Amino acid sequence: MRCIVGPTGMDLWQLLLTLAVAGSSDAFSGSPATPAILVRASQSLQRVHPGLETNSSGKPKFTKCRSPELETFSCHWTDGVHHGLQSPGSIQLFYIRRSTQEWTQEWKECPDYVSAGENSCYFNSSYTSIWIPYCIKLTSNGDTVDQKCFSVEEIVQPDPPIGLNWTLLNISLTGIHADIQVRWEPPPNADVQKGWIVLEYELQYKEVNETQWKMMDPVLSTSVPVYSLRLDKEYEVRVRSRQRNSEKYGEFSEVLFVTLPQMRPFACEEDFRFPWFLFIIFGTFGLMVTLFLCIFSKQQRIKMLILPPVPVPKIKGIDPDLLKVNVNLNDASLRP
């Protein structure tokens with residue numbers, strides 16, 4: 001039999017020796033190994049296998065409590081030491097809630113350790129009450145290691161919106177930019193139809209090759225227009241939601257890719273439509289104004305051009321002035 005040498009071999013022998021001491025303690029005392037021995041064994045195992053990470057504090061700790069729809073919630077925690085070295089059921093969650101004016105003094109154990117995954121406690125609708133404070137505590141081998149208090153409405157973080165899609169609204173006359181309308185559906189488990197929970201949404205978008213997302217103002221509707229997107233770019237769009245008047249957003253939806261129709265770099269007659277209708281209207285109006293100005297400013301001259309004076313006939317040997325005098329005399333003699 002070959003002996004194991006070197007630093008790794010020494011660490012492994014220390015681990016085996018520690019476990020042997022723990023086993024001998026069990027054999028002589030008839031009691032389980034003490035936590036201190038298990039912690040030392042875990043530290044030795046961590047040196048042999050660095051990939052097995054543990055909580056640096058050495059104690060279990062709450063990571064988050066979350067309600068997706070204001071009807072249920074779950075709380076999660078981390079292991080203080082590697083779970084393989086702990087006795088089953090050594091970590092427990094207890095809770096109390098205030099149903100009257102006084103706190104209930106009896107701590108009740110977690111109703112469901114399975115549904116929300118490993119190291120978690122799930123409270124279904126029969127255990128969930130809004131506007132009633134909860135206090136929870138985490139115990140390890142009977143000792144309280146972490147504790148927190150909250151109300152369910154304070155921990156609401158909705159599931160991601162679903163069914164993102166987009167439609168093209170219009171393309172600019174220059175053929176450079178376009179506007180789109182993005183639509184989505186609320187999270188399936190959020191009862192927004194009956195108004196049990198009111199969600200507002202935040203849309204973010206960016207070009208595919210960019211790293212910074214552009215954020216739009218929160219909206220209560222499930223659709224929002226996005227303006228001035230370049231036709232030669234591809235965009236990513238995502239949406240997240242939160243309970244109205246809350247600060248905590250839920251997770252983002254799946255990314256929606258927006259590929260706009262490609263246009264030719266230079267617009268031709270089919271791409272660029274000249275506004276002939278407006279041109280005719282403004283041209284006619286301008287022509288009419290010009291005519292009226294000419295008529296009023298040069299009325300006499302225009303009259304002379306349109307209606308020139310009739311020339312007086314001239315006959316040789318007849319004096320026009322004498323003719324006028326004779327005509328007047330004849331008129332006077334004919335009067336009674």
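Is C149 buried, exposed or partly exposed?

The structure on your screen is a predicted model, in which local features need pLDDT of at least 70 and side-chain atom pairs count only at pLDDT 80 or more, while totals for chains, interfaces and linings use all residues. Residues are numbered from 1 along each chain as its sequence is written, and side-chain values use heavy atoms, with hydrogens and water left out.

**First stop: C65 and C75**

Begin by selecting C65 and C75, which are joined by a disulfide (a pair of cysteine sulfur atoms within 2.5 Å) with an S to S distance of 2.0 Å. C65 sits in strand β1 (residues 61-66) and C75 in strand β2 (residues 73-78), 10 residues apart; strands here are DSSP runs of E with at least two residues, numbered from the N terminus. If you look along the S-S bond, the value about it is 115° and the link is right-handed. Both cysteines are buried, a word that means under 20% relative accessible area, whereas exposed means over 50% and partly exposed lies in between, with a 1.4 Å probe and protein chains only.

**Second stop: C110 and C121**

Next, select C110 and C121, which form a disulfide with their sulfur atoms 2.0 Å apart. C110 lies in the loop between β4 (108-109) and β5 (120-123), while C121 belongs to strand β5, so this pair ties together parts that are 11 residues apart in sequence. The link of C110 and C121 is right-handed, with 110° about the S-S bond. C110 counts as buried because its relative accessibility is 8%, and C121 counts as buried at 0%.

Now move on to C135 and C149, whose sulfur atoms are 1.8 Å apart and form a disulfide. C135 is found in strand β6 (residues 134-140) and C149 in strand β7 (residues 143-150), so the pair ties together parts that are 14 residues apart in sequence. The torsion about the S-S bond of C135 and C149 is about 90°, and this disulfide is therefore right-handed. C135 counts as buried, with 8% relative accessibility, but C149 is partly exposed, because its relative accessible area is 48%, and that answers the opening question.

**Looking back**

Finally, select the bonded cysteines together: the count comes to 3 disulfides, and when these cysteines are numbered in sequence order through the protein, the pairing reads 1-2, 3-4, 5-6.

Conventions. Helices (H or I, at least four residues) and strands (E, at least two) are DSSP runs, numbered from the N terminus.
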